[in-house]
Amino acid sequence: MTTKQNARVKVFNAIRDGVLIRQPCEKCGAAYAQAHHDDYQKPLDVRWLCASCHRLLHNELKPPLVRRSFTLTKTGPIDGHMGIEDAARALGRSERTVRWWLANAVMAGERFGRDWMVRKEEVERMKTAPPPKRGRPPKPKTS
Ligand SMILES: [Zn+2]
Ligand SMILES: [Zn+2]
């Protein structure tokens with residue numbers, strides 16, 4: 001049995017025995033999460049991630065894959081998130097603008113490789129409180 005298989009069996013048994021409790025996804029809060037091992041040598045040292053976030057994490061761990069075949073906008077929104085393309089369309093702005101907002105923390109988002117995911121609530125927030133047209137971050141008010 002490989003270390004990886006061994007780790008999976010240990011997790012399975014630990015969940016069955018109540019030693020390990022399945023948690024919601026640590027990224028998006030989805031109820032059903034899978035156990036992810038940062039290190040298979042530590043079988044019970046796991047992180048909980050739903051299928052989508054788990055896949056994204058592994059894509060992140062393999063940079064060449066991210067560049068070649070990983071386009072969030074093609075896989076569509078996951079678990080209450082939107083890709084940049086969808087967020088831009090929802091806000092009636094260009095992808096470039098939304099990208100700029102994210103890079104400059106005008107808008108909150110999570111980065112996966114070279115792509116971003118934006119929570120739908122954040123898109124809604126941006127709809128009601130749009131930033132200046134030129135895309136500059138709002139200056140902190142001193143009054
Ligand atoms: Zn998730
Ligand atoms: Zn994993």
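**Exercise 1.** At roughly what angle do the axes of helix α5 (residues 84-91) and helix α7 (residues 120-128) cross? Classify the relation of the two helices and describe their contact.

*Solution.* The coordinates belong to a predicted model.

Step 1. The axes of α5 and α7 cross at roughly 30 degrees and come within 10 Å.

Step 2. Angles under 35 degrees count as roughly parallel. The two helices, α5 and α7, are therefore roughly parallel to each other.

Step 3. The crossing in which α5 passes α7 is right-handed.

Step 4. From α5, the residues A87, A90 and L91 take part in the contact, and they meet V123, M126 and K127 of α7. Sorted by class, this contact of α5 with α7 comprises five nonpolar residues, one charged residue and no polar residues.

**Exercise 2.** In what order do the three strands of the open sheet lie? Identify the edge strands and assign bridge partners.

*Solution.* 

Step 1. The order is β3-β5-β4, with antiparallel pairing. Both β3 and β4 are edge strands, each pairing on one side only. From one strand to the next, the twist averages 35 degrees.

Step 2. Consider the pairing of β3 with β5. Strand β3 (residues 81-83) is antiparallel to β5 and is joined to β5 over three bridges. Within this pair, G83 has M117 of β5 as its bridge partner.

Step 3. Consider next the pairing of β4 with β5. These strands also run antiparallel, and three bridges join them. R111 is bridged to W116 in β5, while F112 stands opposite D115 in β5.

Step 4. The hairpin of β4 and β5 has two residues between the strands, and G113 in this hairpin adopts a positive phi near 60 degrees.

**Exercise 3.** How many of the five residues of strand β5 (residues 115-119) are buried? Locate the helix that lies across this part of the sheet.

*Solution.* 

Step 1. A residue is buried if 20 or more other C-beta atoms lie within 10 Å of its own. Four of the five residues of β5 are buried, and the strand is mostly covered.

Step 2. Helix α5 lies across β3 and β5, and runs at about 95 degrees to β3.

**Exercise 4.** Which residues does Y40 touch, not counting residues up to four places away in sequence? Describe the setting of Y40.

*Solution.* 

Step 1. Y40 is situated in the loop between β1 (34-37) and β2 (46-49).

Step 2. There are 15 other C-beta atoms within 10 Å of Y40, so this residue is partly exposed.

Step 3. Not counting residues up to four places away in sequence, Y40 touches T3, K4 and A7.

Step 4. N6 and Y40 are separated by 34 residues in sequence, whereas their C-alpha to C-alpha distance is 8.3 Å.

Note on methods: Residues are numbered from 1 along each chain as its sequence is written. Chains are lettered from A and ligands numbered from 1 in the order in which they are written. This is a predicted model: local features need pLDDT of at least 70, side-chain atom pairs count only at pLDDT 80 or more; totals for chains, interfaces and linings use all residues. Axes are lines fitted to C-alpha atoms, for helices over the stretch in contact, and angles run from 0 to 180 degrees between N-to-C directions. Angles under 35 degrees count as roughly parallel, over 145 as roughly antiparallel, 65 to 115 as roughly perpendicular and the rest as oblique. A crossing is left-handed if the near helix is turned anticlockwise from the far one by less than a right angle, and right-handed if clockwise. Two residues are in contact if their C-beta atoms, placed from the backbone, lie within 7 Å. Ala, Val, Leu, Ile, Met, Phe, Trp, Tyr, Cys and Pro count as nonpolar, Asp, Glu, Lys and Arg as charged, and the others, Gly among them, as polar. A residue is buried if 20 or more other C-beta atoms lie within 10 Å of its own, exposed if 12 or fewer, and partly exposed in between; C-beta atoms are placed from the backbone. Two strands pair if DSSP finds at least two bridges between them.
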